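Me: I have a structure open and would like to go through it with you, step by step. Could you take my questions one at a time?

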Amino acid sequence: MAEKKGFFNPTLMYAGAFAVLNVIMYFVIHKFWIGGSSFLPMVGKLGPNKTFLFSFIVNMGVIVGALVSSATNREFTLRMPAAKVLPRAILGGFLIGIGVTLAPGTCTTSFVIGLPMLSISSMLSIAGMFAGGFIVYRLTIKSQS
Amino acid sequence: MDFKLLLLYGFLFGIGFGFFVQKAGICFAHGLGEIYMGKGKRILRIFLVIFIISTLGFYLSKFIAPELGLKPIGQLRGYGFYNIISGMIFGAGILLNGGCILGTLRQMGEGNLLFFVVFLSFIPGMALIVYVIDPILKQGYQVQNILLPELLAVPQPYVVGSVVILALFWLVMLSRPKKK
Amino acid sequence: MESTDLRGKFCPFPIIEVVQRVEVMESGECKVFLVDDPLAIRSIPEELEEFEYLDINIKKNNDYWEVIITNTEG
């Protein structure tokens, strides 16, 4: 596995490459990666001049890119979920669906785009994320271990 | 540029994003878990690298084209109240199934079929807000979302410069090997 | 060699479980964790980077990994 020491470990190099690629997209086609709102086409909202549809296609590319990368690392394995984990996954997905729509730009977009753009709404969203996540952390993860 | 070409570009960029996200192993659900456990060094370093490159890139882009530059992402809804609430709901959701948006997409690409279930269960949540809650709330986005420099009434270059230097300093502090 | 099966567990539970068990390991002890999340095999070595006395090696089986952690302190 990759060497982790110091500053130039692969994780940071690839994270940097992700950011550079996003900046290049912004320069080239004046658009950047979007998270939650990109799924709104699934409920019939294509967004102002179809921005959400565009981002949805970008995120379909993200799935393909992850597939290609995991295949090259020999990390791709089809895994069927056990039935007993489905309720929790569905509830999590349902909450994510609410969270990304109640106030646009309050999801992973805040960490990756919103905060670097110094947008105030993203700072508030991240504060909320820490609080909401901590509640679930205490209730579920702490009690399991 | 015609829309179909734009979609093709987007898809190709997406493949690049997915490739790097999978190689690096970026997931903020995992990251939050690390931070709550008091071990947030890895996700902080990932976040700081992304922050430094993106902030500089987004800021400098305005010298290339006037309509680029820093943009207020998302809407400040209800004086920010709904941003906090939806952040809480989102944070709870990602810690429940262990996948933020990038994490979900990454794990779908890695063959974890659980995340196809998660992906599909976004739909009822989104539909509930878009078709039920939004009309009720009707509270528009009357508060104009702003950027930090506007809030502080300090010119952008100074704010961008100082946050980037702070982030760089923090990243270096986190990355220096532990002296025994 | 005590082995803990963390496959299929919701992230971030595996990393938390590993770190908690590793912190209480005595010298010479060895623990094995079975994980199936590619992110786990990246974050476990990085999170335990500060514990220099730990020797971590990761064995890939067909659809999961064995993370073998030995405490070489003292």
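**Chains and contacts**

Reply: Read along its sequence, chain A follows the pattern α-α-α-α-α, where helices (H or I, at least four residues) and strands (E, at least two) are DSSP runs numbered from the N terminus. Please keep in mind that this is a predicted model, in which local features need pLDDT of at least 70 and side-chain atom pairs count only at pLDDT 80 or more, while totals for chains, interfaces and linings use all residues. Residues are numbered from 1 along each chain as its sequence is written, chains are lettered from A and ligands numbered from 1 in the order in which they are written, and side-chain values use heavy atoms, with hydrogens and water left out.

Me: How many helices and strands does chain A have?

Reply: Chain A has 5 helices and 0 strands, and its C-alpha atoms fill a box of roughly 45 × 40 × 30 Å, taken along the principal axes.

Me: How many residues of chain A are in contact with chain B?

Reply: There are 111 residues of chain A in contact with 111 residues of chain B, contact meaning heavy atoms within 4.5 Å. The two chains bury about 9900 Å² between them, with 81% of it on carbon and sulfur atoms; buried area is the accessible area (1.4 Å probe) that two parts lose on being put together, summed over both. In chain A, the residues that lose the most area to chain B are Ile96(A), Leu102(A) and Leu118(A), which together make up 7% of what that side buries.

Me: And how many salt bridges are there between chain A and chain B?

Reply: The count between chain A and chain B is 0 salt bridges, a salt bridge being a side-chain nitrogen of Lys or Arg within 4 Å of a carboxyl oxygen of Asp or Glu. The side of chain A that touches chain B divides into 69 nonpolar, 36 polar and 6 charged residues, where Ala, Val, Leu, Ile, Met, Phe, Trp, Tyr, Cys and Pro count as nonpolar, Asp, Glu, Lys and Arg as charged, and the others, Gly among them, as polar.

Me: Switching to chain C, how many residues does the contact with chain B take from each side?

Reply: That contact takes 18 residues from chain C and 24 residues from chain B, and the area buried is about 1800 Å², of which carbon and sulfur atoms give 56%. On the side of chain C, Leu39(C), Arg42(C) and Glu47(C) lose the most area to chain B, together 29% of what that side buries.

Me: How many salt bridges are there between chain C and chain B?

Reply: There the count is 6 salt bridges; in one of the model's salt bridges, the side chains of Arg42(B) and Glu46(C) meet at 3.4 Å, N to O. The residues on the side of chain C that touches chain B divide into 9 nonpolar, 1 polar and 8 charged.

Me: Which residue of chain A meets Arg42(C) in a salt bridge?

Reply: The side chain of Glu75(A) meets that of Arg42(C) in a salt bridge, at 3.1 Å, N to O. Glu75(A) lies in the loop between α2 (51–72) and α3 (86–102) of chain A and Arg42(C) in helix α2 of chain C, so the pair joins two chains.

Me: What scores does the model have?

Reply: The model scores ipTM 0.93 and pTM 0.94. Chain C averages a pLDDT of 89, with 99% of the residues scoring at least 70; pLDDT is the predictor's confidence in each residue, from 0 to 100.
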